[in-house]
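Let's take a look at how charged side chains pair up in a protein model. Have the sequence and the 3D view ready, and follow along as we go.

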Amino acid sequence: MGFMALWSYIVNYFTVFEEAKVKELDACLAGLFACVGCVPRGTRRRARGRVASPVPACAVTLLLQRLQDKEGDRAQAYCELEHVLREGDSRPPCGVVNRLLAEVSQDLTAAQGVPDSVRMAASDVLVALARTHFSLVMAELQGHLKAVGEMSKEFVLLTLGKLFTSYAPQCIPFVWLMLAGLRSVVGWVRGGRTLRIACAVVKQWLEGVKVHLCSGKQCPWPAMEIEQIHQNLSQLFFSVLRNWQDCKEEKDKQAVLGAVAAMMAVLLREELCREHVWEQLLWLVHPYQEVQDTCRVTKSLSVFLEALEGVPSVIPKDKFLAITSAVFYQLSDDTKEQSEANRAELTHCILLQARICPEETVQFLQSQLGADREAGCVAALGLLAALARSDEPMMTEKLPQVVEAVQCLCSDPRIQVRRAILHFIKDVLSANARSCSAWDVVGHIFSEFSRTTGRRAAGDLSAQEAQEEGALQELCMDILGSLDVSASGMSKLLWPRLLLYVVPAQYTGMLIPVSRCVQALAERGDLMVREIEDLDPHFLSSMFQGPLLTPQTLLARLLVVAGSPFAGSELQAAALLLMLNLHGKIHRAVGAMWAAEIPLLLQCLKGKDESFPDSAEWEQRLLEFLRASLATMEDEAWTKGLSCELSRWLSSSPSSSGEKSFLYKALGTVLGACKEVLHIQGKLLQHLEEANAEEPSEAQGMISLLSHAAESNFHTVLDTLTTFASRLCRGQKGRISRRKKMELDSRRAQATRSALIRAHGSLALRASKEQLLARLEGDIVGNILLLYSCSCRDLQNTLALLQSIMDFSSAFQAAGDSACFNPSLKGKLLEILTDLLKKYCLGTPVSPVPLKVVLALEQLSKLKPSLGSKDMCDMLILCCKIIVTHPSAEMMLKIRKSQQAAQYLQLLQTSLKALGRLMVVLLETETTSGFFQNIVHRSMTSGNTWERKRALQTCSQLLAVCEERGRGDACKHFGSLVGLLVPLTCDPMPTSRQLAVTCLSSLLRIQAKATNRVIQTGDIGSLCEGLNDRSTVCQLQTSSKIARIVCRSFSLEHTIDFMMAIKDTFRKAKGMRVRAAGKWMITFLQMHGKDICRDLDLSPIIYILRSCMSSLQHSTNTPFLCQAVAILTRCHTDITVDSFFHRR
């Protein structure tokens, strides 16, 4: 600033103030003279007198001299000088200061040739010097700002910024000078780093001014100077807009926006400047259309709006709408990817606008809810939710209005809008639940959940759409599960409204959060505040879409969910917890009982992954809980109501429903607790007629219904079943209409008869001893035979008959040993079973029927009186033939490739075990030993490996029974059995080899017991490992070792039988089995050859050997036969030669 200009300012200043202001003027003069680098003489003299010590001044002088002489590193010299100026306690003389300012300014403003490090160090020196000579430093920098010519002002601006950072209060009086100097910078800078630094300095200084103005402190400026500040700022503002609004660089644009926002924030405080500011307001949001990174634009706008918030002035409506539209468009523009930070800043701008103009903001956002553009509607919902979360007083008043506006979007099908509505509801509920009184937001959450469930169940969604619908479901559950029930108005909003969503099946998945809410309400004691009758009846009817909610309806639904095998443990636990917390709404008598039992059931569910029982056992526990609950109630009317409710649910449930199986059992359990006969019969007949027995699940459901109801009402259920069975068999021998005959012969009627046959067997298992003995033969078995006679002989009905025979036979056995079954009925049943076996012996394809027949025969044979020996033996032979010879090898290969393979093979193993138990029954009644030959000597030499294996399994079971019962029948066939088992010790199938050794061990033990002597059998079990070896040589060696052990216990009277069995092996077997037979024969002759020649007639043995040689088919036999003849010849040459070469 020139001296004359400065003096003119002083004169003007002096004219304004009165004489009383002379002292203030004197103080001001000192500062003004300092600004131009000249201090009045008196002031200089006083300044000299304040020098405390010459040491710092000398240090400054020395360092200054180094700089002037250009000695050493200038940056280092500046750093040392800065340190001295900051640490020293004295003030350098003005002369030294002026020389220092001149030297530093050269480096600071040099256009080129000076490194940035030196300039930065020079800048730091000025900042340090300002500690003692602030006015001089400020005057120097202001002079550089206004200077013309080629010089760099970048570090001048940086130094001004540092000064404000370090000495903000001292900088405030120089604002008007600073603004004037900055205006000159704007005039010649067009971009780049200097522009950005200048903008930063403007923003920094003006933010300080705004803070100072808002702090309430005494203003340091006279009124004229304040006016001058606003005038200079206004000139700077318009200069920036004129010169810098068309910046090309992105960084430059962002910097300019920040500076403009800071200037507007100060100007808006002056009423005269506001109109000019409003005119330029749109320029602030105009860059949204140009810049790529809009984050800084938004930040600048946010700064401006924050400034505007504290200004008592109403923004013009057109300007407000322009800003709101620009910000909203940025939020709703789905063509750009907005960062989370930028979206948060944009939302903050809208919140600021809502504070400034709440009415206009809410109206604008509501107007966007009806927009066709999905992104706009979603953005509006998000902003309204943010307003609800903001907890602003103005929003509390307008929230009901907003909620009502959002309610109009409930039917919008767009997925993003639906998600935004749910998020809005979540925010509103967390902010102010009372504002939702005009709209049932809880109902919308459940409706949306049902909507997503229906869309997913339809199956016509793409993978992405299905994923989005699933996310909506999870959001619904999260909203309800995260509600704070302690919030004001929440209890009234939730209770008892939540009860309406417990029963409908479409809301089943929501039971988990519902359970949490109800439990929280129960803990607060809010469940007893209002009754369900307090709700609007129209609301109840529309939401529940059916009859009013009753205790029975509630319990029925919760029971079904808890018992559903597909619900999952978490959902099942939620249902049980709802029962526990709502016990007062269900029945007053069950509180104590449920408080003790339900936690035990919940504990069971918690251990589901480890020791949890299977679904059948869990259902049984739940049904026992239900039965105990009904017994505790002792309320016939209530129990009948529950049965009606379960009946209604059962009738409306589709066959494919996973809940229907449990519904049948639950209804049967409740009917079992009822006492009114007509009611029980009516419900049973209703569901027997409605059930489609062609569906396996429905057929099983019928059986479950009847059997569970029979637990306490056996006679009533059996009478009802008899009535219904007679309807199905009516007219079989009489004259009926053609239509009626078609109904009775339909597939559904046939399936129903099959289910009823099985149901009779199930009832027998549920009956007590007295009930069974009274009704078994006449009603249960009679009805079974009646239904079977009226049915076609298909697989389903045949299996049903076999299952019922097993069931009632097992039940009759449990009644006690003294009970005797009707012999004629038993004979009739045996005849049916025999016919079935004969039918399947004729080469019928693989079927489970013959195997089931064996199981049925096992149970039927145990009933007294016993069947005749001949009948049982013939039956047993048929059973063995069926099990051992069927299926064939070809059929087995087909079975192994089918889906039912595992089930059939498991049933085959079960039947084999049943055959063994059937043999036990035969051994108890058999008086001759002929059965052994017929049963065991079949299929042992078959070429089918599967058949040999099954034959060995049968033989091992029979020998085990003989050993257990002490029967010596097997000893009579010792030789032939050993001869048959010998080749099987080298069978290709490992299991068969092990079974053969097991049979030999049993046989030796039976013989030892029968002859009452100890036989040294050796450790045959340890030799079994050798048979598992893959090497056939090792297998043959092990078989030979076993042969020596067995032959020690051989009685000579079994020699012929043994040799005949070996002959059959030579004739039928191949490979290793023939070699094993030959090895055993040689071992036997070597050990007992002399005894045979002495005690036995050799003619039969020689005949067997000769017949083997005459019918040789394999060269494998020849060495063994020759060796056998040689052994016999050595023992008795004459007899052997004579017998071998001379036929008798």
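Start with Lys162, which forms a salt bridge with Asp124; their closest N and O atoms are 2.7 Å apart. A salt bridge here is a side-chain nitrogen of Lys or Arg within 4 Å of a carboxyl oxygen of Asp or Glu. Lys162 sits in helix α8 (residues 154–166) and Asp124 in helix α7 (residues 116–146), so this pair ties together parts that are 38 residues apart in sequence. Helices are DSSP runs of H or I with at least four residues, numbered from the N terminus.

How exposed is Lys162? Its relative accessible area is 23%, and that makes it partly exposed. The scale goes like this: buried is under 20% relative accessible area, exposed is over 50%, and partly exposed is in between (1.4 Å probe, protein chains only).

## Where these values come from

Keep in mind that this is a predicted model: local features need pLDDT of at least 70, side-chain atom pairs count only at pLDDT 80 or more, and totals for chains, interfaces and linings use all residues. Residues are numbered from 1 along each chain as its sequence is written, and side-chain values use heavy atoms, with hydrogens and water left out.

Next up, Glu676 and Lys640 make a salt bridge, with 2.6 Å between the closest N and O atoms. Glu676 is in the loop between α34 (660–673) and α35 (677–690), while Lys640 is in helix α33 (residues 636–652), so the pair links parts 36 residues apart in sequence. Glu676 is partly exposed at 36% relative accessibility, and Lys640 is partly exposed too, at 24%.

## One turn along a helix

Helix α33 also holds Arg648 and Glu645, three residues apart, so about one helical turn separates them. Their side chains meet in a salt bridge at 2.3 Å, N to O. Arg648 is partly exposed at 36% relative accessibility, whereas Glu645 is buried at 10%.

## Networks and the total

Salt bridges can share partners: that is how Arg418, Glu448, Arg451, Arg455 and Glu469 join into one network. How many salt bridges are there by this rule? The count comes to 25.

## A buried charge without a partner

Now find Arg993 in helix α50 (residues 990–1011). Arg993 is buried yet has no salt bridge, and the nearest side chain of opposite charge, Asp987, is 6.1 Å away. For charges, Lys and Arg count as positive and Asp and Glu as negative; His and the chain ends are not counted.

What does Arg993 touch, not counting residues up to four places away in sequence? Its contacts (heavy atoms within 4.5 Å) include Leu984, Cys986, Asp987, Asn1028 and Gln1035.

Technical notes
Helices (H or I, at least four residues) and strands (E, at least two) are DSSP runs, numbered from the N terminus.
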